[in-house]
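Subject: Structure for you to look at

Hello,

Please find the structure below, followed by notes on what was found in it. Keep the model open while you read.

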Amino acid sequence: MTIQVFGHKSPDTDSTGSPIVWAWYLNEIKGTAAKPVLLGEPNTEAAFVLKRWNLDKPEIISGVEAGAPVVIVDTNNPAELPADINKADIQAIIDHHKLVGGLETKGPIDITIRPLACTATIMVDLMGDDAAKMPDAIKGAALSCIISDTLEFRSPTTTAHDREVVEKLAAELGVDVAAYAAEMFEAKSDVSAFSDAELLRMDSKEYNVDGKEFRVSVLETTAPKLVLDRKDSLMASMVDVAKEDGADQVLLFVVDILNEEATLLVPNDLVKTVAEKSFGATVSGDLVVLPGIMSRKKQIIPNLKI
């Protein structure tokens, strides 16, 4: 059977591009039938990357069949995967997030989790010398993933190795990293076509903090005003989104890529407490600016307290 390669729900650039990269590797280098799939519509930046490198948008699936062979990338969290994931035949996991637990496999598998900023960086390493055989479109996908996850090296998750891989791929492709990153971030910042509920779910992960279920949403943008001008309607929508998704609260962090700070919307006392206890912030209204906060993985999730 053909192996399905996919990342997390609400796919960003890494969870869109890395399945494409790894499916290419399995097909062309390992001689194993594989195809990339998505667990939702890619965000605007990911859609831009697909168009820029003339890549077909992978099929969107809602579940997996029992016994179907799969490779999971860019997550190991069951909450971010199909509800029936443990019925599938998980053959490998490639990720750069903390180990969550809860996945079950039918036998021993290959698991690679490394403290790098991006799944695509790990994939380039795993390919070894075969990485040089990637066609330009696949190199472009990998390059885009790393630029996105590092926010063009602004994110504190960035390592020297992530930067090295970007510089190598960019040189091979003849791409100016700063100019290309600006194009990507411009695409990411165009959220005018999305409803409030879609924005709250666009780049969102579920976490339990001291018994509270949080949907932690991040919008990375070079134009934060476009999002913050909608704060009243966004905060009103949080109530319905939380109820529909079985969460106690939606936390929305609007990350200003250029000024390297995040603004947290504060609709109630619970979020005010989270802001004060987690980030040492002083909250006096329905917004609080958190200087230097850029990374959900490294700076937001590990610090959440209530």
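Lysine 225 counts as exposed, at 58% relative accessibility, where exposed means over 50% relative accessible area, buried under 20% and partly exposed in between (1.4 Å probe, protein chains only). Aspartate 229 is exposed too, with a relative accessible area of 53%. The side chains of lysine 225 and aspartate 229 meet in a salt bridge at 2.8 Å, N to O. A salt bridge here is a side-chain nitrogen of Lys or Arg within 4 Å of a carboxyl oxygen of Asp or Glu.

This is a predicted model, in which local features need pLDDT of at least 70 and side-chain atom pairs count only at pLDDT 80 or more, while totals for chains, interfaces and linings use all residues. Residues are numbered from 1 along each chain as its sequence is written, and side-chain values use heavy atoms, with hydrogens and water left out.

Salt bridges

Side chains of opposite charge can pair when their charged atoms come close. By the rule above, the count comes to 19 salt bridges. One of them joins glutamate 220 and lysine 188, at 2.7 Å from N to O. Glutamate 220 lies in strand E8 and lysine 188 in helix H6 (residues 177–189), so this pair ties together parts that are 32 residues apart in sequence. Helices (H or I, at least four residues) and strands (E, at least two) are DSSP runs, numbered from the N terminus. Both glutamate 220 and lysine 188 are buried.

Another salt bridge links arginine 201 and aspartate 245, at 3.0 Å from N to O. Because arginine 201 lies in helix H7 (residues 196–202) and aspartate 245 in helix H9 (residues 231–245), the pair ties together parts that are 44 residues apart in sequence. Arginine 201 is partly exposed, with a relative accessible area of 25%, and aspartate 245 is partly exposed, also with 25%. Salt bridges that share partners join Arg201, Glu206, Arg215, Glu244 and Asp245 into one network.

Sheet

Strands E7, E8, E9, E10 and E11 form, in that order, an open sheet of 5 strands with mixed pairing. Two strands pair if DSSP finds at least two bridges between them. E7 and strand E11 (287–291) are the edge strands, each pairing on one side only. From one strand to the next, the twist averages 25° (axes are lines fitted to C-alpha atoms, for helices over the stretch in contact, and angles run from 0 to 180 degrees between N-to-C directions). The pairing of E7 with E8 is antiparallel, over 6 bridges. Lysine 205 stands opposite valine 216 in E8.

Cavities

How many cavities of 30 Å³ or more does the structure hold? There are 2. A cavity is a set of points, on a 1 Å grid over the protein atoms alone, where a 1.4 Å probe fits but cannot get out, and lining residues have an atom within 4 Å of a point. Grid points are joined across faces, edges and corners, and a volume is the space filled by probe spheres set on the points.

The largest cavity has a volume of about 400 Å³. Of the 27 residues that line the largest cavity, Asp12, Asp149, Asp203, Glu220 and Arg296 are the closest to its centre. E8 gives the most to this lining, with 3 residues.

The second largest cavity holds about 40 Å³ of space. Its lining residues include Thr13, Ile20, Val49 and Ala141.

Regards

Methods
1 Å grid on protein atoms, 1.4 Å probe; cavity = no way out; pocket = protein on both sides within 12 Å on 5 of 7 lines; lining within 4 Å.
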